[in-house]
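Student: I would like to go through the charged pairs and one of the helices. Could we look at the model together?

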Amino acid sequence: MPNQVDMTVNLAGMVMKNPVCVASGTYGFGREYGQFYDLSEIGGICAKGLTLHRREGNPAPRIAETPMGILNSVGLQNPGVDAFIEHELPYLRQFDVKVIANISGNTPEEYGIMCEKLAEAGVDMIEVNISCPNVKAGGLAYGTRPELAAEVTREAKAHAGPVPVMVKLSPNVTDITDIAKAVADAGADALSLINTLRGMRIDVNTNRPVLKMNTGGLSGPAVLPVAVRMVWEVAQAVNLPILGMGGVSKGEDAAQLMLAGATAVAVGTAMFADPFAPIAVRDGLADIAQRKGLTAVAQLTGAVQPW
Ligand code: SIN
């Protein structure tokens, strides 16, 4: 039987043909995955995090496996915002997929400059990363302090023109709703969560941390219950659409995030094992919605019935 469920969702005015995005930092700029399938199958691509200037990232080793996940300390390796606009955006624009640029700055002003460039270049959304655990300046320094998170959000909004601004929140805080509220009050159009959880692995033979930077960010199936809980808390605290992510590898995982309150979801680490994971997640979500007798996948959003 053909699937009759309407899969479109509206994330802060950005209408996607299905709710499944790919998470920043796990998909590069799409070129490698474009060898496997048509990128138009996906709802949205959150591109690899950009900075104002090119970055080489942190020294290796910067990836380590863990039970049910991986630790990364990549450190925002990227070609810089101008190179993205010149070389990568035209590639992504060949496909019928929403392009979400992810940005990190050393100062609020840098976020503003990048927003202006990206808005002029015509991306569909800007994801403001205030939650990278692997850099000294910016990153978690902004994402763990409500007043700084608000300042970055205001600066981004002031320079993004009509392009919606989505702020990416860190789980490495005592109460994520404090940051969510500050960012919402500062004018964010949407929120994405969760970024990775800070973690560490030690080689017991050498007594050395496995990652050169000692610590990194944990992602993968192990973090899904944390993501579901945080999406649920944030959805109750603020009235903004949420892109939920963290450990999604199948339709049921995505459905949990949507039931908790997410409008759309992003697949990340799962794609390192299976490049087709976003397509499987999309199809799994459609099956779940159909089994429930829904006419639209959007009816899942916030439909959890807490005890
Ligand atoms: C990284 O490049 O270090 C990961 C980015 C992030 O966690 O925000």
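This is a predicted model: local features need pLDDT of at least 70, side-chain atom pairs count only at pLDDT 80 or more; totals for chains, interfaces and linings use all residues.

Student: How many salt bridges does a search of the whole structure find?

Tutor: The search finds 11 salt bridges. One of them is formed by Arg 31 and Glu 88, whose closest N and O atoms are 2.9 Å apart.

Student: Which parts does the pair of Arg 31 and Glu 88 tie together?

Tutor: Arg 31 lies in the loop between β3 (20-22) and β4 (44-46), while Glu 88 belongs to helix α1 (residues 81-92), so the bridge ties together parts 57 residues apart in sequence.

Student: Is Glu 88 buried or exposed? And what about Arg 31?

Tutor: Glu 88 is buried, its relative accessible area being 14%. Arg 31 counts as partly exposed because its relative accessibility is 36%, and the range for that class lies between 20% and 50%.

Student: Let us turn to Glu 41. What does its side chain meet in a salt bridge?

Tutor: The partner of Glu 41 is Arg 282, at 2.7 Å from N to O. This pair links distant parts of the chain, 241 residues apart: Glu 41 sits in the loop between β3 and β4, and Arg 282 in helix α9 (residues 277-291).

Student: How accessible are Glu 41 and Arg 282?

Tutor: Glu 41 is partly exposed at 31% relative accessibility. Arg 282 has a relative accessible area of 18% and is therefore buried, the cut-off being under 20%.

Student: Where does Arg 145 find its salt-bridge partner?

Tutor: Arg 145 pairs with Glu 147, and their closest N and O atoms are 3.5 Å apart. Glu 147 is partly exposed, with 46% relative accessible area, and Arg 145 is also partly exposed, at 43%.

Student: A change of topic: what span does helix α6 reach?

Tutor: Helix α6 (residues 224-237) has 14 residues and reaches 20 Å from its first C-alpha to its last, close to the 20 Å expected at 1.5 Å a residue.

Student: Which residues in α6 are buried, and what covers them?

Tutor: Leu 224, Ala 227, Val 228, Met 230, Val 231 and Val 234 are buried. Their cover includes the helices α5 (176-185) and α7 (251-260), together with the strands β10 (190-193) and β15 (242-245).

Key. Residues are numbered from 1 along each chain as its sequence is written. Side-chain values use heavy atoms; hydrogens and water are left out. A salt bridge is a side-chain nitrogen of Lys or Arg within 4 Å of a carboxyl oxygen of Asp or Glu. Helices (H or I, at least four residues) and strands (E, at least two) are DSSP runs, numbered from the N terminus. Buried means under 20% relative accessible area, exposed over 50%, partly exposed in between (1.4 Å probe, protein chains only). The expected span of a helix is 1.5 Å times one less than its number of residues. Contact means heavy atoms within 4.5 Å.
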